[in-house]
Every structure is written in C-alpha cells, then in structure tokens.
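Take a look at the model below, then read on.

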Amino acid sequence: MTSIRDIQLGPTNTALKDLSLSVEWHDLRSLALPGTEWTIILGHKRRQDPLRAVLPLPLHTTALTPSALKAIFAALASLDASAIPAPLPPYVPSIAELQVKLGKKRSGEQEAMGDEEREESAETSVVNEEIDRDMIYTAISTTDSTVVYYRLSKGIKKPADIPDE
C-alpha cells in the first residue's frame, strides 16, 4: 500500500524547485508534520513575512480529506519552533552573492542608494521566524511539472481578512 509520504515525494521536489526558482521564496525547509503522515514545506515570500506552510500534492489524489486538513492544521498549530529544521541551501546563488563573487559590487554602492532602496535593504535583513498557523498553500503538481497554488485558511474567512501577496 502506498503511503501519503510516497505520493508526496515527486510533488515535494517539484514544489521546492518552483518555490525557490520561479516564485523566489527564501529559507525553504521540508518538514514531516508530527502526528500525521504529511510533509510540508516552510518558507518566506519576503523574509519579514511569517513562515508559510505549503502542502505538496499530486494532481489526482483523493488523500486530502476534510479530516486530513483538520489534522494538518492541528499539527501546524502545535508545531514547536525547535522542531523546525534549518533552511535548505538555495538552488542558485542570489544576484547580490553573484555580484560579490564576481567582484563587481562597489564599496560605495550603499552610499549611492536612495533612501527607499536603503530602507528596503534593511527590511530584507530582518528575518521573521514566526509561523502562519491559520493558512496553508497547496502546491498541486502536474505530470509536466506545472505547479498550481491554492490558499486554504483555517475556518471561514471573509476575503478582506485574507492578506494579498
């Protein structure tokens, strides 16, 4: 019999690469949710945002039931910060890392930046390690490696209560 984690292997790999390379999420980590058979991916769209949970799924699955969603949200709610693994290494270096490596980053570049750019640069240095426990994304992978994301909230939410990203 195939387990839940077995059906998530391919979609997890595809979602990790898509989140890292296409969607440009940061600090990605894969985590088996305690007390369930499910694996999630945690990461940030922006580093100052809380960690968001992504549930990788294949296109044709009947494994995600209301009771499974309830168990996933319960496991996420009780997840201890010490149980969160360190981020995976990035698949590719960032533009800033490449500039430093190639020696093209000028020492006076920070001085030449405008106020807005300087504030934006300072914001990205702050990393939020809080977990958003009331919302998860499903990452549904197809056979051609297309990934479609859906946002699921715990309970009933009005559209105004759900932050846009």
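A search of the whole structure turns up four salt bridges, where a salt bridge is a side-chain nitrogen of Lys or Arg within 4 Å of a carboxyl oxygen of Asp or Glu. Keep in mind that this is a predicted model, in which local features need pLDDT of at least 70, side-chain atom pairs count only at pLDDT 80 or more, and totals for chains, interfaces and linings use all residues. Residues are numbered from 1 along each chain as its sequence is written, and side-chain values use heavy atoms, with hydrogens and water left out.

**Salt bridges**

- Arg29 pairs with Glu129, with the closest N and O atoms 3.7 Å apart. This one links distant parts of the chain: Arg29 is in strand β1 and Glu129 is in the loop between α5 (115-125) and β4, 100 residues apart.
- Arg29 is buried at 4% relative accessibility, while Glu129 is partly exposed at 43% (buried means under 20% relative accessible area, exposed over 50%, partly exposed in between, with a 1.4 Å probe and protein chains only).
- Arg52 and Asp132 form another salt bridge, and here the closest N and O atoms are 2.4 Å apart. Arg52 lies in strand β3 (residues 51-58) and Asp132 in strand β4, so the pair ties together parts that are 80 residues apart in sequence. Both of these residues, Arg52 and Asp132, are buried.
- Asp49 bridges to Arg46, with 3.1 Å between the closest N and O atoms. Asp49 is buried at 11% relative accessibility, whereas Arg46 is partly exposed at 36%.

**Overall layout**

- You'll find five helices and five strands here (helices are DSSP runs of H or I with at least four residues, strands are runs of E with at least two, and both are numbered from the N terminus).
- Along the sequence, the pattern goes α-β-β-β-α-α-α-α-β-β.
- Of the 165 residues in the protein, 30% are buried.
- Just after α3, Gly103 takes a positive phi of about 75°.

**The hairpin**

- Strands β1 (residues 26-32) and β2 (residues 39-44) pair in the antiparallel sense over five bridges (two strands pair if DSSP finds at least two bridges between them).
- Ser30 has Ile41 in β2 as its bridge partner.
- Six residues sit between the two strands of this hairpin, and Gly35 in the turn has a positive phi of about 80°.

**An aromatic pair**

- The count of aromatic pairs comes to one (rings of Phe, Tyr and Trp, the last by its six-membered ring, pair if their centres lie within 6.5 Å; planes under 30 degrees apart count as stacked, over 60 as edge-to-face and the rest as tilted).
- The rings of Trp25 and Tyr137 have centres 5.9 Å apart and planes at 75°, so this pair is edge-to-face. Trp25 is in the loop between α1 and β1 and Tyr137 is in strand β4 (residues 131-141), 112 residues apart.
- Trp25 is buried at 8% relative accessibility, and Tyr137 is buried too, at 11%.

**Around Asp18**

- Asp18 belongs to helix α1 (residues 4-22) and is buried, at 17% relative accessibility.
- Leaving aside neighbours within four places in sequence, Asp18 is in contact with Val23, Val147 and Tyr149 (contact means heavy atoms within 4.5 Å).
- The C-alpha atoms of Asp18 and Ala139 are 9.6 Å apart, though 121 residues separate the two along the chain.
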